[in-house]
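Hi,

Here is the structure I promised to pass on.

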Amino acid sequence: MAASLGPLVGAIDQGTSSTRFLVFNAETAELLSHHQVEIKQEFPREGWVEQDPMEILNSVYECVEKTCEKMKELNINIANIKAIGVTNQRETTVVWDKTTGEPLYNAIVWLDLRTQSTVEHLLEKVPGRNKSFSKFKTGLPLSTYFSAVKLRWLLDNVEEIKKAVEDQRAMFGTIDSWLIWSLTGGKDGGIHCTDVTNASRTMLFNIHSLEWDPELCKFFDIPMEILPTVRSSSEIYGVMESGALTGVPISGCLGDQSAALVGQMCFQDGQAKNTYGTGCFLLCNTGQKSVFSEHGLLTTIAYKMGRNKPPFYALEGSVAIAGAVVRWLRDNLGIAKSSQEVELAAEVGTSYGCYFVPAFSGLYAPYWEPSARGIICGLTQFTNKNHIAFAALEAVCFQTREILDAMNKDCGIPLNQLQVDGGMTNNKILMQLQADILCIPVVKPSMPETTALGAAMAAGAAEGVEVWSLNPGDLTTVTCERFEPQINPEESEYRYARWKKAVMKSMGWEKSETHSNGDISIFYSLPMIFFVMTSMVMLIASKYVSGK
(Lines give C-alpha, C1' and ligand atoms only; values in the text may rest on other atoms or scores of the structure.)
Protein backbone atom coordinates (compact mmCIF):
# COMPACT_ATOMS: atom_id res chain seq x y z
CA MET A 1 0.00 0.00 0.00
CA ALA A 2 1.34 3.46 -0.99
CA ALA A 3 2.48 5.71 1.85
CA SER A 4 0.63 8.93 2.57
CA LEU A 5 2.80 11.96 3.35
CA GLY A 6 0.09 14.59 3.45
CA PRO A 7 -0.54 16.93 0.52
CA LEU A 8 2.04 17.00 -2.28
CA VAL A 9 2.58 19.59 -5.02
CA GLY A 10 4.28 19.10 -8.38
CA ALA A 11 6.32 21.63 -10.37
CA ILE A 12 7.11 21.68 -14.08
CA ASP A 13 10.46 23.48 -14.47
CA GLN A 14 11.02 24.14 -18.17
CA GLY A 15 14.43 25.77 -18.62
CA THR A 16 16.65 26.64 -21.57
CA SER A 17 18.77 23.50 -21.34
CA SER A 18 16.40 21.00 -19.70
CA THR A 19 12.89 20.16 -18.52
CA ARG A 20 12.18 18.73 -15.07
CA PHE A 21 9.20 17.65 -13.04
CA LEU A 22 9.62 17.71 -9.26
CA VAL A 23 7.29 16.76 -6.40
CA PHE A 24 7.44 18.47 -3.00
CA ASN A 25 5.83 17.79 0.36
CA ALA A 26 3.63 20.86 0.94
CA GLU A 27 4.08 20.69 4.72
CA THR A 28 7.88 20.37 4.88
CA ALA A 29 9.01 21.64 1.42
CA GLU A 30 11.00 18.40 1.10
CA LEU A 31 11.81 17.28 -2.46
CA LEU A 32 10.49 13.72 -2.82
CA SER A 33 11.15 12.80 -6.44
CA HIS A 34 12.05 14.27 -9.82
CA HIS A 35 13.00 13.49 -13.41
CA GLN A 36 15.00 15.55 -15.90
CA VAL A 37 15.32 15.55 -19.71
CA GLU A 38 17.84 17.64 -21.67
CA ILE A 39 16.47 19.89 -24.42
CA LYS A 40 18.26 20.47 -27.72
CA GLN A 41 19.15 23.99 -28.79
CA GLU A 42 19.40 24.60 -32.53
CA PHE A 43 21.67 27.24 -34.06
CA PRO A 44 20.55 27.42 -37.72
CA ARG A 45 22.53 30.62 -38.42
CA GLU A 46 25.02 32.84 -36.63
CA GLY A 47 23.22 34.48 -33.68
CA TRP A 48 20.05 32.39 -34.06
CA VAL A 49 18.88 30.15 -31.19
CA GLU A 50 15.78 27.96 -31.58
CA GLN A 51 14.04 25.06 -29.85
CA ASP A 52 11.30 22.69 -30.99
CA PRO A 53 8.08 23.44 -29.05
CA MET A 54 6.87 19.85 -29.56
CA GLU A 55 10.12 18.49 -28.09
CA ILE A 56 9.60 20.80 -25.10
CA LEU A 57 5.99 19.65 -24.63
CA ASN A 58 6.88 15.95 -25.00
CA SER A 59 9.72 16.38 -22.49
CA VAL A 60 7.15 17.65 -19.97
CA TYR A 61 4.93 14.60 -20.52
CA GLU A 62 7.97 12.31 -20.17
CA CYS A 63 9.17 13.99 -16.96
CA VAL A 64 5.70 13.83 -15.37
CA GLU A 65 5.24 10.14 -16.21
CA LYS A 66 8.76 9.10 -15.14
CA THR A 67 8.51 11.00 -11.85
CA CYS A 68 5.18 9.31 -11.10
CA GLU A 69 6.75 5.92 -11.82
CA LYS A 70 9.62 6.72 -9.43
CA MET A 71 7.14 7.74 -6.75
CA LYS A 72 5.27 4.45 -7.07
CA GLU A 73 8.60 2.64 -6.67
CA LEU A 74 9.15 4.69 -3.50
CA ASN A 75 5.67 3.63 -2.34
CA ILE A 76 4.39 7.24 -2.42
CA ASN A 77 0.77 7.73 -3.44
CA ILE A 78 0.54 10.07 -6.46
CA ALA A 79 -3.13 10.69 -5.62
CA ASN A 80 -1.77 13.06 -2.94
CA ILE A 81 -0.50 15.46 -5.63
CA LYS A 82 -3.05 18.25 -5.19
CA ALA A 83 -1.72 20.84 -7.63
CA ILE A 84 0.94 21.57 -10.26
CA GLY A 85 2.93 24.77 -10.78
CA VAL A 86 4.69 25.83 -13.98
CA THR A 87 7.93 27.78 -14.17
CA ASN A 88 9.69 28.50 -17.42
CA GLN A 89 12.46 30.16 -19.40
CA ARG A 90 11.08 33.65 -20.01
CA GLU A 91 10.81 35.69 -23.26
CA THR A 92 11.17 32.59 -25.49
CA THR A 93 8.45 33.00 -28.11
CA VAL A 94 6.07 30.45 -29.65
CA VAL A 95 3.28 30.88 -32.22
CA TRP A 96 0.95 27.93 -32.85
CA ASP A 97 -2.20 26.95 -34.73
CA LYS A 98 -5.17 26.63 -32.37
CA THR A 99 -7.04 24.37 -34.81
CA THR A 100 -4.28 21.74 -35.11
CA GLY A 101 -2.37 22.29 -31.84
CA GLU A 102 0.87 22.39 -33.85
CA PRO A 103 3.56 25.10 -33.63
CA LEU A 104 3.91 27.20 -36.78
CA TYR A 105 7.65 27.74 -36.32
CA ASN A 106 10.37 26.79 -33.85
CA ALA A 107 10.43 28.67 -30.54
CA ILE A 108 12.76 31.67 -30.78
CA VAL A 109 14.84 31.49 -27.59
CA TRP A 110 15.45 34.52 -25.35
CA LEU A 111 19.18 34.49 -26.27
CA ASP A 112 18.46 34.81 -30.02
CA LEU A 113 19.97 37.81 -31.87
CA ARG A 114 18.24 37.66 -35.26
CA THR A 115 15.97 40.56 -34.33
CA GLN A 116 18.74 43.18 -34.24
CA SER A 117 17.54 44.54 -37.61
CA THR A 118 13.96 44.55 -36.27
CA VAL A 119 15.12 46.62 -33.28
CA GLU A 120 16.91 49.05 -35.63
CA HIS A 121 13.78 49.51 -37.79
CA LEU A 122 11.62 50.06 -34.70
CA LEU A 123 14.07 52.61 -33.28
CA GLU A 124 13.58 54.71 -36.43
CA LYS A 125 10.01 55.31 -35.22
CA VAL A 126 11.19 56.56 -31.80
CA PRO A 127 12.15 60.23 -31.26
CA GLY A 128 15.89 60.42 -30.66
CA ARG A 129 16.15 56.62 -31.14
CA ASN A 130 15.61 56.31 -27.38
CA LYS A 131 15.74 52.60 -26.44
CA SER A 132 14.08 53.38 -23.10
CA PHE A 133 11.00 55.00 -24.65
CA SER A 134 8.63 52.53 -22.92
CA LYS A 135 10.59 52.18 -19.67
CA PHE A 136 7.90 53.69 -17.44
CA LYS A 137 5.19 51.41 -18.88
CA THR A 138 7.11 48.16 -19.27
CA GLY A 139 10.27 48.57 -17.17
CA LEU A 140 12.28 47.38 -20.20
CA PRO A 141 14.53 48.85 -22.91
CA LEU A 142 13.95 48.03 -26.59
CA SER A 143 16.16 44.97 -27.08
CA THR A 144 16.42 41.66 -28.95
CA TYR A 145 15.88 40.01 -25.53
CA PHE A 146 12.13 40.56 -25.19
CA SER A 147 9.22 38.73 -26.83
CA ALA A 148 7.61 41.60 -28.79
CA VAL A 149 10.49 41.93 -31.26
CA LYS A 150 10.70 38.14 -31.69
CA LEU A 151 6.97 38.06 -32.47
CA ARG A 152 7.36 40.99 -34.87
CA TRP A 153 10.12 39.07 -36.71
CA LEU A 154 7.90 35.98 -36.99
CA LEU A 155 5.03 38.03 -38.40
CA ASP A 156 7.40 39.65 -40.92
CA ASN A 157 9.27 36.53 -42.02
CA VAL A 158 7.14 33.37 -41.67
CA GLU A 159 4.37 33.03 -44.26
CA GLU A 160 2.55 30.29 -42.31
CA ILE A 161 2.24 32.63 -39.32
CA LYS A 162 1.04 35.59 -41.44
CA LYS A 163 -1.63 33.35 -42.98
CA ALA A 164 -2.68 31.90 -39.61
CA VAL A 165 -3.11 35.43 -38.20
CA GLU A 166 -5.25 36.41 -41.21
CA ASP A 167 -7.36 33.26 -40.74
CA GLN A 168 -7.61 33.90 -36.96
CA ARG A 169 -5.95 30.57 -36.21
CA ALA A 170 -2.77 31.91 -34.56
CA MET A 171 -1.98 31.97 -30.86
CA PHE A 172 1.09 33.59 -29.32
CA GLY A 173 2.64 32.75 -26.00
CA THR A 174 5.81 32.36 -24.02
CA ILE A 175 6.67 28.79 -22.95
CA ASP A 176 4.29 28.87 -19.97
CA SER A 177 1.34 29.71 -22.26
CA TRP A 178 2.24 26.98 -24.75
CA LEU A 179 2.51 24.37 -21.98
CA ILE A 180 -0.63 25.37 -20.05
CA TRP A 181 -2.71 25.52 -23.26
CA SER A 182 -1.42 22.10 -24.38
CA LEU A 183 -1.70 20.40 -20.95
CA THR A 184 -5.26 21.67 -20.33
CA GLY A 185 -6.66 20.29 -23.58
CA GLY A 186 -4.89 22.04 -26.45
CA LYS A 187 -7.10 22.31 -29.54
CA ASP A 188 -9.93 20.71 -27.53
CA GLY A 189 -10.53 23.58 -25.12
CA GLY A 190 -7.04 24.37 -23.78
CA ILE A 191 -6.69 27.49 -21.62
CA HIS A 192 -4.76 30.27 -23.39
CA CYS A 193 -3.25 32.28 -20.54
CA THR A 194 -0.05 33.59 -19.03
CA ASP A 195 0.80 35.16 -15.67
CA VAL A 196 1.87 38.70 -14.86
CA THR A 197 5.56 37.80 -14.43
CA ASN A 198 5.84 36.32 -17.93
CA ALA A 199 3.66 39.02 -19.49
CA SER A 200 5.95 41.66 -17.99
CA ARG A 201 8.82 40.31 -20.15
CA THR A 202 7.10 40.80 -23.52
CA MET A 203 7.35 44.64 -23.89
CA LEU A 204 3.61 44.63 -24.64
CA PHE A 205 2.40 44.68 -21.03
CA ASN A 206 1.75 47.69 -18.80
CA ILE A 207 3.21 46.70 -15.42
CA HIS A 208 1.03 49.24 -13.58
CA SER A 209 -2.42 48.62 -15.11
CA LEU A 210 -1.57 44.88 -15.42
CA GLU A 211 -3.04 44.79 -18.94
CA TRP A 212 -1.79 44.43 -22.50
CA ASP A 213 -1.05 47.96 -23.68
CA PRO A 214 -2.93 48.98 -26.88
CA GLU A 215 -0.38 51.70 -27.72
CA LEU A 216 2.55 49.28 -27.49
CA CYS A 217 0.69 46.63 -29.49
CA LYS A 218 0.09 49.30 -32.14
CA PHE A 219 3.78 50.37 -32.06
CA PHE A 220 4.93 46.77 -32.64
CA ASP A 221 1.94 46.12 -34.95
CA ILE A 222 0.89 43.06 -32.94
CA PRO A 223 -2.76 41.94 -33.24
CA MET A 224 -4.10 41.82 -29.66
CA GLU A 225 -6.42 38.89 -30.39
CA ILE A 226 -3.45 36.47 -30.56
CA LEU A 227 -2.27 37.37 -27.02
CA PRO A 228 -3.05 35.17 -24.00
CA THR A 229 -5.26 36.24 -21.09
CA VAL A 230 -3.12 37.57 -18.22
CA ARG A 231 -3.76 35.97 -14.81
CA SER A 232 -2.15 36.11 -11.39
CA SER A 233 0.76 33.82 -10.46
CA SER A 234 -1.38 31.74 -8.08
CA GLU A 235 -4.87 30.61 -9.16
CA ILE A 236 -6.43 27.59 -10.84
CA TYR A 237 -6.03 28.00 -14.62
CA GLY A 238 -7.31 24.56 -15.62
CA VAL A 239 -6.64 20.86 -15.04
CA MET A 240 -4.34 18.25 -16.57
CA GLU A 241 -6.25 16.52 -19.35
CA SER A 242 -4.05 13.44 -19.89
CA GLY A 243 -1.45 11.18 -18.29
CA ALA A 244 -0.92 9.91 -14.76
CA LEU A 245 -2.02 13.23 -13.22
CA THR A 246 -5.24 13.72 -15.20
CA GLY A 247 -7.61 15.99 -13.27
CA VAL A 248 -4.92 17.65 -11.12
CA PRO A 249 -5.24 21.47 -11.25
CA ILE A 250 -2.50 23.65 -12.73
CA SER A 251 -2.62 26.53 -10.27
CA GLY A 252 0.77 28.25 -10.21
CA CYS A 253 2.72 30.05 -12.92
CA LEU A 254 5.90 32.12 -12.55
CA GLY A 255 8.73 33.01 -14.89
CA ASP A 256 11.84 31.15 -13.71
CA GLN A 257 13.54 34.10 -12.04
CA SER A 258 10.40 35.15 -10.17
CA ALA A 259 9.93 31.53 -9.10
CA ALA A 260 13.47 31.47 -7.69
CA LEU A 261 12.78 34.70 -5.77
CA VAL A 262 9.71 33.04 -4.21
CA GLY A 263 11.57 29.76 -3.59
CA GLN A 264 14.32 31.69 -1.77
CA MET A 265 11.56 33.21 0.44
CA CYS A 266 12.49 36.75 -0.67
CA PHE A 267 9.10 38.24 0.27
CA GLN A 268 10.46 41.34 2.02
CA ASP A 269 11.40 44.65 0.42
CA GLY A 270 15.19 44.63 -0.16
CA GLN A 271 15.68 40.84 -0.20
CA ALA A 272 17.56 39.58 -3.25
CA LYS A 273 18.74 36.38 -4.93
CA ASN A 274 21.04 35.48 -7.82
CA THR A 275 20.32 32.45 -10.02
CA TYR A 276 23.14 30.80 -11.96
CA GLY A 277 21.68 28.92 -14.93
CA THR A 278 22.21 29.29 -18.69
CA GLY A 279 22.31 33.01 -17.88
CA CYS A 280 22.66 34.80 -14.57
CA PHE A 281 19.80 36.77 -13.00
CA LEU A 282 19.91 38.96 -9.90
CA LEU A 283 16.48 40.05 -8.58
CA CYS A 284 15.76 42.35 -5.66
CA ASN A 285 12.22 42.59 -4.25
CA THR A 286 11.13 46.26 -4.16
CA GLY A 287 7.73 45.53 -2.57
CA GLN A 288 4.50 46.99 -3.98
CA LYS A 289 6.42 49.92 -5.48
CA SER A 290 8.01 49.78 -8.95
CA VAL A 291 11.54 51.22 -8.83
CA PHE A 292 13.11 52.44 -12.08
CA SER A 293 16.84 51.98 -12.51
CA GLU A 294 19.34 54.67 -13.44
CA HIS A 295 22.08 52.06 -13.88
CA GLY A 296 20.90 49.64 -16.58
CA LEU A 297 18.66 47.31 -14.55
CA LEU A 298 15.15 46.22 -15.49
CA THR A 299 11.93 46.81 -13.58
CA THR A 300 9.78 43.70 -13.59
CA ILE A 301 6.87 42.07 -11.77
CA ALA A 302 8.14 39.71 -9.08
CA TYR A 303 4.82 37.92 -8.39
CA LYS A 304 1.11 38.38 -7.74
CA MET A 305 -0.05 35.66 -5.37
CA GLY A 306 -3.76 35.56 -6.16
CA ARG A 307 -6.44 37.26 -8.25
CA ASN A 308 -7.24 39.79 -5.53
CA LYS A 309 -3.69 40.19 -4.22
CA PRO A 310 -1.44 43.15 -5.15
CA PRO A 311 1.52 42.77 -7.49
CA PHE A 312 5.03 42.91 -6.05
CA TYR A 313 7.86 44.34 -8.14
CA ALA A 314 11.58 43.67 -8.53
CA LEU A 315 14.71 45.24 -9.95
CA GLU A 316 16.55 42.76 -12.16
CA GLY A 317 20.05 42.49 -13.53
CA SER A 318 20.20 40.04 -16.46
CA VAL A 319 23.37 38.38 -17.78
CA ALA A 320 22.98 36.34 -20.99
CA ILE A 321 25.85 33.88 -20.60
CA ALA A 322 26.72 32.08 -17.34
CA GLY A 323 26.38 28.28 -17.36
CA ALA A 324 26.26 28.51 -21.17
CA VAL A 325 29.97 29.40 -21.19
CA VAL A 326 30.82 26.04 -19.59
CA ARG A 327 28.71 24.28 -22.21
CA TRP A 328 30.52 26.30 -24.93
CA LEU A 329 33.97 25.27 -23.64
CA ARG A 330 32.80 21.66 -23.65
CA ASP A 331 30.87 21.49 -26.93
CA ASN A 332 32.49 24.12 -29.16
CA LEU A 333 36.15 24.11 -28.10
CA GLY A 334 36.32 20.53 -26.79
CA ILE A 335 38.37 21.70 -23.80
CA ALA A 336 36.64 18.97 -21.76
CA LYS A 337 34.32 16.03 -22.32
CA SER A 338 31.89 17.13 -19.60
CA SER A 339 30.91 20.19 -17.59
CA GLN A 340 32.44 18.51 -14.54
CA GLU A 341 35.81 18.36 -16.35
CA VAL A 342 35.63 22.10 -17.00
CA GLU A 343 35.05 22.65 -13.29
CA LEU A 344 37.98 20.35 -12.45
CA ALA A 345 40.21 22.27 -14.87
CA ALA A 346 39.33 25.45 -12.98
CA GLU A 347 40.94 23.97 -9.85
CA VAL A 348 44.19 25.49 -11.19
CA GLY A 349 43.05 28.44 -9.04
CA THR A 350 44.10 31.29 -11.34
CA SER A 351 43.49 32.59 -14.85
CA TYR A 352 47.13 33.76 -14.93
CA GLY A 353 46.10 37.20 -16.22
CA CYS A 354 43.66 35.81 -18.80
CA TYR A 355 40.19 37.43 -18.99
CA PHE A 356 37.17 36.00 -20.80
CA VAL A 357 34.16 38.16 -21.74
CA PRO A 358 31.49 35.69 -22.99
CA ALA A 359 29.40 38.28 -24.87
CA PHE A 360 28.10 35.67 -27.33
CA SER A 361 24.70 37.42 -27.48
CA GLY A 362 25.98 40.94 -26.91
CA LEU A 363 26.04 42.37 -23.40
CA TYR A 364 22.89 42.58 -21.27
CA ALA A 365 22.76 44.48 -17.94
CA PRO A 366 24.10 46.97 -17.18
CA TYR A 367 25.35 47.82 -20.72
CA TRP A 368 22.57 46.67 -23.12
CA GLU A 369 25.16 46.65 -25.89
CA PRO A 370 24.19 44.34 -28.78
CA SER A 371 27.40 45.14 -30.72
CA ALA A 372 29.62 43.33 -28.18
CA ARG A 373 31.01 39.86 -28.89
CA GLY A 374 32.99 37.37 -26.85
CA ILE A 375 36.72 37.86 -26.35
CA ILE A 376 39.55 36.13 -24.49
CA CYS A 377 42.43 38.50 -23.74
CA GLY A 378 45.61 38.58 -21.70
CA LEU A 379 46.90 35.37 -23.30
CA THR A 380 50.59 34.47 -23.04
CA GLN A 381 52.62 31.41 -24.04
CA PHE A 382 52.10 30.15 -20.51
CA THR A 383 48.27 30.18 -20.83
CA ASN A 384 46.66 26.74 -21.01
CA LYS A 385 43.12 25.36 -21.11
CA ASN A 386 42.91 25.28 -17.31
CA HIS A 387 43.55 29.02 -17.12
CA ILE A 388 40.81 29.61 -19.72
CA ALA A 389 38.41 27.39 -17.75
CA PHE A 390 39.14 29.40 -14.60
CA ALA A 391 38.70 32.67 -16.54
CA ALA A 392 35.28 31.43 -17.71
CA LEU A 393 34.12 30.85 -14.12
CA GLU A 394 35.64 34.17 -13.09
CA ALA A 395 33.63 35.86 -15.88
CA VAL A 396 30.37 34.63 -14.32
CA CYS A 397 31.43 36.21 -11.02
CA PHE A 398 32.57 39.50 -12.57
CA GLN A 399 29.26 39.84 -14.44
CA THR A 400 27.40 39.29 -11.15
CA ARG A 401 29.59 41.96 -9.52
CA GLU A 402 28.61 44.43 -12.26
CA ILE A 403 24.88 43.96 -11.77
CA LEU A 404 25.21 43.91 -7.96
CA ASP A 405 27.06 47.24 -8.09
CA ALA A 406 24.25 48.68 -10.23
CA MET A 407 21.62 47.35 -7.83
CA ASN A 408 23.38 48.79 -4.79
CA LYS A 409 23.43 52.22 -6.49
CA ASP A 410 19.72 52.02 -7.40
CA CYS A 411 18.56 50.73 -4.00
CA GLY A 412 20.87 52.95 -1.95
CA ILE A 413 21.45 50.20 0.63
CA PRO A 414 24.25 47.74 -0.30
CA LEU A 415 23.46 44.04 0.12
CA ASN A 416 25.45 42.55 3.00
CA GLN A 417 25.21 39.01 1.61
CA LEU A 418 24.07 37.32 -1.62
CA GLN A 419 21.54 34.47 -1.68
CA VAL A 420 22.24 32.15 -4.61
CA ASP A 421 20.64 29.21 -6.41
CA GLY A 422 20.75 27.38 -9.74
CA GLY A 423 22.74 24.48 -11.16
CA MET A 424 26.12 26.22 -11.11
CA THR A 425 25.95 26.74 -7.33
CA ASN A 426 26.97 23.09 -6.89
CA ASN A 427 30.46 24.21 -7.93
CA LYS A 428 32.18 25.21 -4.67
CA ILE A 429 35.12 26.81 -6.52
CA LEU A 430 32.66 29.15 -8.26
CA MET A 431 30.85 30.03 -5.03
CA GLN A 432 34.10 30.83 -3.21
CA LEU A 433 35.28 32.85 -6.20
CA GLN A 434 32.00 34.77 -6.14
CA ALA A 435 32.41 35.66 -2.46
CA ASP A 436 35.99 36.80 -3.13
CA ILE A 437 35.01 39.03 -6.07
CA LEU A 438 31.97 40.55 -4.32
CA CYS A 439 33.75 40.96 -0.96
CA ILE A 440 30.55 39.82 0.79
CA PRO A 441 29.37 36.35 1.94
CA VAL A 442 27.54 34.11 -0.53
CA VAL A 443 24.73 32.00 0.96
CA LYS A 444 23.51 28.85 -0.78
CA PRO A 445 20.44 26.88 0.39
CA SER A 446 21.07 23.18 1.02
CA MET A 447 18.03 22.38 -1.17
CA PRO A 448 19.09 23.90 -4.51
CA GLU A 449 15.80 23.47 -6.41
CA THR A 450 14.45 26.87 -5.44
CA THR A 451 12.97 27.70 -8.88
CA ALA A 452 10.77 24.61 -8.89
CA LEU A 453 10.01 25.14 -5.19
CA GLY A 454 8.72 28.66 -5.93
CA ALA A 455 6.35 27.32 -8.61
CA ALA A 456 5.13 24.61 -6.23
CA MET A 457 4.53 27.17 -3.47
CA ALA A 458 2.45 29.36 -5.82
CA ALA A 459 0.41 26.34 -6.94
CA GLY A 460 -0.14 24.98 -3.43
CA ALA A 461 -1.19 28.38 -2.06
CA ALA A 462 -3.82 29.03 -4.77
CA GLU A 463 -7.44 29.61 -3.81
CA GLY A 464 -9.27 26.31 -4.15
CA VAL A 465 -6.07 24.31 -3.44
CA GLU A 466 -4.71 25.90 -0.24
CA VAL A 467 -2.33 23.19 0.89
CA TRP A 468 0.71 25.49 1.18
CA SER A 469 0.77 28.48 3.53
CA LEU A 470 2.78 31.55 2.51
CA ASN A 471 2.32 33.24 5.89
CA PRO A 472 5.80 34.29 7.13
CA GLY A 473 5.43 32.29 10.35
CA ASP A 474 4.58 29.10 8.42
CA LEU A 475 7.49 29.19 5.95
CA THR A 476 10.05 26.42 6.31
CA THR A 477 13.44 27.46 7.69
CA VAL A 478 16.07 26.80 5.04
CA THR A 479 19.49 25.48 6.02
CA CYS A 480 22.33 27.10 4.09
CA GLU A 481 26.00 26.77 3.21
CA ARG A 482 27.95 30.02 3.61
CA PHE A 483 31.04 31.15 1.66
CA GLU A 484 33.07 33.99 3.23
CA PRO A 485 35.49 36.20 1.22
CA GLN A 486 39.05 34.88 1.56
CA ILE A 487 41.14 37.41 -0.40
CA ASN A 488 41.82 41.03 0.48
CA PRO A 489 39.59 43.68 -1.13
CA GLU A 490 42.55 45.30 -2.97
CA GLU A 491 43.24 42.07 -4.90
CA SER A 492 39.55 41.76 -5.73
CA GLU A 493 39.36 45.38 -6.97
CA TYR A 494 42.48 44.93 -9.13
CA ARG A 495 41.04 41.87 -10.88
CA TYR A 496 37.66 43.57 -11.32
CA ALA A 497 39.29 46.65 -12.90
CA ARG A 498 41.13 44.39 -15.40
CA TRP A 499 37.81 42.68 -16.21
CA LYS A 500 36.18 46.07 -16.90
CA LYS A 501 39.02 46.86 -19.29
CA ALA A 502 38.36 43.58 -21.14
CA VAL A 503 34.62 44.40 -21.34
CA MET A 504 35.42 47.71 -23.07
CA LYS A 505 37.47 45.82 -25.66
CA SER A 506 34.55 43.46 -26.39
CA MET A 507 32.28 46.27 -27.61
CA GLY A 508 31.74 47.43 -31.18
CA TRP A 509 32.68 44.16 -32.89
CA GLU A 510 29.36 43.75 -34.66
CA LYS A 511 27.79 46.31 -36.97
CA SER A 512 24.05 46.86 -36.95
CA GLU A 513 23.60 46.52 -40.73
CA THR A 514 21.80 43.29 -41.53
CA HIS A 515 20.42 41.54 -44.55
CA SER A 516 16.67 41.65 -45.14
CA ASN A 517 16.12 38.26 -43.54
CA GLY A 518 17.76 39.40 -40.32
CA ASP A 519 20.91 37.33 -40.86
CA ILE A 520 24.03 39.16 -39.72
CA SER A 521 26.80 38.82 -42.27
CA ILE A 522 29.70 36.72 -41.08
CA PHE A 523 32.10 39.22 -42.68
CA TYR A 524 31.21 41.75 -39.98
CA SER A 525 32.72 39.28 -37.50
CA LEU A 526 36.14 38.93 -39.20
CA PRO A 527 37.99 40.73 -36.38
CA MET A 528 36.51 38.27 -33.88
CA ILE A 529 37.30 35.26 -36.08
CA PHE A 530 40.90 36.48 -36.52
CA PHE A 531 41.22 37.04 -32.77
CA VAL A 532 39.93 33.58 -31.85
CA MET A 533 42.09 31.86 -34.50
CA THR A 534 45.27 33.64 -33.39
CA SER A 535 44.42 32.92 -29.75
CA MET A 536 44.03 29.21 -30.46
CA VAL A 537 47.25 29.14 -32.53
CA MET A 538 49.10 30.63 -29.55
CA LEU A 539 47.64 27.98 -27.25
CA ILE A 540 48.62 25.14 -29.60
CA ALA A 541 52.09 26.61 -30.07
CA SER A 542 52.63 26.92 -26.33
CA LYS A 543 51.56 23.29 -25.90
CA TYR A 544 54.04 22.22 -28.59
CA VAL A 545 56.88 24.28 -27.14
CA SER A 546 56.27 22.85 -23.67
CA GLY A 547 56.48 19.34 -25.14
CA LYS A 548 52.97 18.35 -23.99
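Alanine 29 sits in the loop between strand 2 (18-25) and strand 3 (31-38); helices (H or I, at least four residues) and strands (E, at least two) are DSSP runs, numbered from the N terminus. This is a predicted model, where local features need pLDDT of at least 70 and side-chain atom pairs count only at pLDDT 80 or more, while totals for chains, interfaces and linings use all residues. Residues are numbered from 1 along each chain as its sequence is written, and side-chain values use heavy atoms, with hydrogens and water left out.

Alanine 29 is not a glycine, yet its phi is positive, at about 65 degrees. Its relative accessibility is 11%, so alanine 29 counts as buried (buried is under 20% relative accessible area, exposed over 50%, partly exposed in between, with a 1.4 Å probe and protein chains only). Glutamate 466 also has a positive phi without being a glycine, about 50 degrees here. Glutamate 466 belongs to the loop between helix 14 (450-461) and strand 23 (480-483) and is exposed, with a relative accessible area of 56%. For background, most residues other than glycine have a negative phi, and most peptide bonds are trans. With that in mind, look at alanine 365 and proline 366: the peptide bond joining them is cis, with omega about 0 degrees. Proline 366 is in the loop between strand 19 (355-357) and strand 20 (375-377).

Now the helix packing. Helix 10 (residues 323-331) and helix 12 (residues 385-411) have axes that come within 9 Å and cross at roughly 160 degrees (axes are lines fitted to C-alpha atoms, for helices over the stretch in contact, and angles run from 0 to 180 degrees between N-to-C directions). That makes helix 10 roughly antiparallel to helix 12; angles under 35 degrees count as roughly parallel, over 145 as roughly antiparallel, 65 to 115 as roughly perpendicular and the rest as oblique. Val325, Val326 and Leu329 of helix 10 make the contact with Ile388, Ala389, Ala392, Leu393 and Val396 of helix 12, contact meaning heavy atoms within 4.5 Å. By class, these residues are eight nonpolar, no polar and no charged (Ala, Val, Leu, Ile, Met, Phe, Trp, Tyr, Cys and Pro count as nonpolar, Asp, Glu, Lys and Arg as charged, and the others, Gly among them, as polar).

Helix 12 also packs with helix 15 (residues 489-506), at an angle of about 95 degrees and with the axes 10 Å apart. That makes helix 12 roughly perpendicular to helix 15. Among the residues that meet there are Phe390 and Glu394 in helix 12 and Arg495 and Trp499 in helix 15. The residues of this contact divide into six nonpolar, two polar and seven charged.

Leucine 433, in helix 13 (residues 428-438), is buried at 5% relative accessibility. Not counting residues up to four places away in sequence, leucine 433 touches Phe390, Leu393, Glu394, Cys397 and Arg495.

Cysteine 63 is buried at 0% relative accessibility, and cysteine 397 is buried at 0%.

Cheers
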